[in-house]
Amino acid sequence: MSADALALAFRSFRLPTMAAIWEESVTRAEGENWGYRRLLQHLCESEAQDRRERRVSRLLKQSGLPDGKTLGNLEEAVLPLKIRRLLPTLLEGGFVERAENVLAFGLPGRGKTHFLAAVARELVLRHRYPVLFTPTFKLVQQLLTAKKELRLEEALKQLDRYRVVVLDDLGYVQQDRTEMEVLFTFLAERYERRSVMISSNLVFSKWDQIFKDPMTTMAAIDRLVHHAVILEFNGESVRAQKAREKVPEKETSQP
């Protein structure tokens, strides 16, 4: 088989990396006295590695994760001790396999969004889980539009492709009853099947502001906390700390 024909054969079997490197690999194999088994292993491992990298790149592009909120720039030292201790366990991804939820509560500026986004990004990088990060109000509006167009079931199936959905700022924008219903439907559909990660400024006792109806509120909370890790982000605002650090020392020392 000619060189061009072999390259075409690789591509026809959807092996683009093998098609790109096989000539170089054969030359190297001849120079280093590789056997056929080692050459084939090298080609297969190269193809597999490139596939993993392409998949991760595709998942990150589809995730909607904010670029600036990563594990690398997460200030772990300012996190509450309990959350710092839980971080390694969350990064292992076991809660995703068990379809458990992660619920982050705290006042604005405490680092909830950054923490959840950083963990979600690592779930993609380390475990290649499909993840979606979205502001809660945006998801609600998408579901509401789908319901009006009689394709809510289709929209929920599309969301089901994501092993984890991160809902940022639940309760930040108040929903009316129709919006509350599609949000509850979404949460009920994922119950014990898929994970959600939620950040909220509102404690559970104030969730009637979100779901309006007491029974619906209780049902939503019951489903979320049944299998959940609850994180409390207390302490001083991270943004306030950073703002104070930027003030020149001579200004802060003035009476």
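Me: In which loop is R128 found?
Reply: This is a predicted model, in which local features need pLDDT of at least 70, side-chain atom pairs count only at pLDDT 80 or more, and totals for chains, interfaces and linings use all residues. Residues are numbered from 1 along each chain as its sequence is written, and side-chain values use heavy atoms, with hydrogens and water left out. Helices (H or I, at least four residues) and strands (E, at least two) are DSSP runs, numbered from the N terminus. R128 is found in the loop between α6 (112–127) and β2 (131–135).

Me: Is R128 buried, partly exposed or exposed?
Reply: Buried means under 20% relative accessible area and exposed means over 50%, with partly exposed in between (1.4 Å probe, protein chains only). The relative accessibility of R128 is 31%, so R128 counts as partly exposed.

Me: Which residues of helix α8 are buried, and why are they on the same side?
Reply: Helix α8 spans residues 152–159, and its buried residues are L152, A155, L156 and L159. They are on the same side of α8 because they cover an arc of only 100° around the axis. That arc is taken from the directions from the helix axis to the C-beta atoms.

Me: Which exposed residues does the face of α8 turned away from its buried side carry?
Reply: This face is turned away from the buried side of α8. The exposed residues on it are E153 and K157.

Me: How many salt bridges are there?
Reply: Side chains of opposite charge can pair when their charged atoms come close. A salt bridge here is a side-chain nitrogen of Lys or Arg within 4 Å of a carboxyl oxygen of Asp or Glu. By this rule the count is 10.

Me: How far apart are the closest N and O atoms of E122 and R126?
Reply: E122 and R126 are four residues apart in helix α6, so about one helical turn separates them. E122 counts as buried at 11% relative accessibility, whereas R126 is partly exposed at 44%. The two form a salt bridge, and their closest N and O atoms are apart by 2.9 Å.

Me: Which residue forms a salt bridge with K147?
Reply: In this salt bridge, the closest N and O atoms are 3.5 Å apart. The pair links distant parts of the chain, with K147 in helix α7 (residues 136–148) and its partner, 34 residues apart, in helix α9 (residues 177–190). K147 is partly exposed at 36% relative accessibility. The partner is E181.
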